Amino acid sequence: MNTLCIGVAGGTGSGKTTVANEIVRRVGFHRIVSVNQDRYYHDLAHLDEPRRIHHNFDHPAAIEEELLVEHIRSLKHGRPAEL
């Protein structure tokens with residue numbers, strides 16, 4: 001079985017979730033895994049509230065990229081990943 005990885009990208013409010021949900025609906029939820037990048041923001045629990053509020057979540061450094069890539073690789077090889 002071939003595994004295909006599709007990335008849906010765009011700016012804030014551009015409809016990424018809507019597009020991804022439609023792909024899942026058309027392909028079938030039983031045949032697809034949807035990985036939302038929002039699950040991979042660095043943990044900011046150590047910051048006080050004012051610093052968390054002003055954190056730039058659109059900056060690439062806000063994402064725990066290595067973990068995201070590791071999980072995608074695991075899923076592509078048929079292994080589980082705790083998202």
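Visitor: Let's start with phenylalanine 57: is its side chain buried, partly exposed or exposed?
Guide: Phenylalanine 57 counts as partly exposed, because its relative accessibility is 35%, and partly exposed covers the range between under 20% for buried and over 50% for exposed. Keep in mind that this is a predicted model.

Visitor: OK, and how many aromatic pairs does the structure hold?
Guide: There is one aromatic pair in the structure. Tyrosine 41 and phenylalanine 57 make it up, in an edge-to-face arrangement. Their ring centres are 5.0 Å apart, and the planes make an angle of 80 degrees.

Visitor: Where in the chain do those two sit?
Guide: Tyrosine 41 lies in the loop between α1 (16-27) and α2 (49-53), while phenylalanine 57 lies in the loop between α2 and α3. The two are 16 residues apart, so the pair links distant parts of the chain.

Visitor: What about tyrosine 41, buried or exposed or partly exposed?
Guide: Tyrosine 41 is partly exposed, because its relative accessibility comes to 27%.

Visitor: Switching to the fold, how many helices and strands are there?
Guide: The protein has three helices and zero strands. Read from the N terminus, the order of elements is α-α-α.

Visitor: Let's look into helix α3. Which residues does it cover?
Guide: Helix α3 runs over residues 65-76, and serine 74 is found in it. Histidine 71 has its place in helix α3 too.

Visitor: Nice. Why does histidine 71 count as buried?
Guide: Histidine 71 counts as buried because its relative accessibility is 9%, and the cut-off for buried is under 20%.

Visitor: And what is histidine 71 in contact with, leaving aside its neighbours within four places in sequence?
Guide: With those neighbours set aside, histidine 71 is in contact with Tyr40, Ala81, Glu82 and Leu83.

Visitor: Then serine 74: buried or exposed?
Guide: Serine 74 is buried, with a relative accessible area of 12%. Beyond its neighbours within four places in sequence, serine 74 has contacts with Arg79, Pro80 and Ala81. Ala81 is also on the list for histidine 71.

Visitor: Zooming out, what is the radius of gyration next to that of a compact globule?
Guide: The protein has a radius of gyration of 15 Å, whereas a compact globule of 83 residues would come out near 12 Å. The C-alpha trace spans about 45 × 30 × 15 Å along its principal axes.

Visitor: What share of the residues is buried?
Guide: Buried residues account for 12% of the 83 residues. As for surface, the accessible area is about 7100 Å², and carbon and sulfur atoms contribute 52% of that.

Visitor: Who's out on the exposed side? Start with leucine 4.
Guide: Leucine 4 is exposed, at a relative accessible area of 70%, and it sits in the segment before α1. From leucine 4 to lysine 16, the C-alpha distance is 18 Å for a separation of 12 residues in sequence.

Visitor: Where is alanine 61?
Guide: Alanine 61 is in the loop between α2 and α3, and it is exposed, with a relative accessible area of 53%. Its C-alpha atom is separated by 19 Å from that of glycine 7, which is 54 residues away along the chain.

Visitor: Last one, charges: how many positive and negative side chains are there?
Guide: There are 10 positive and 11 negative side chains, and the centres of the two sets are 11 Å apart.

Definitions and conventions: Residues are numbered from 1 along each chain as its sequence is written. Side-chain values use heavy atoms; hydrogens and water are left out. Helices (H or I, at least four residues) and strands (E, at least two) are DSSP runs, numbered from the N terminus. Buried means under 20% relative accessible area, exposed over 50%, partly exposed in between (1.4 Å probe, protein chains only). Contact means heavy atoms within 4.5 Å. The radius of gyration is taken over C-alpha atoms; the globule rule is 2.2 Å times the number of residues to the power 0.38. Accessible areas come from the Shrake-Rupley method with a 1.4 Å probe; for residues, only the protein chains shown count as cover. Lys and Arg count as positive and Asp and Glu as negative; His and the chain ends are not counted. The place of a charge is taken as NZ of Lys, CZ of Arg, CG of Asp or CD of Glu. Rings of Phe, Tyr and Trp (its six-membered ring) pair if their centres lie within 6.5 Å; planes under 30 degrees apart count as stacked, over 60 as edge-to-face and the rest as tilted.
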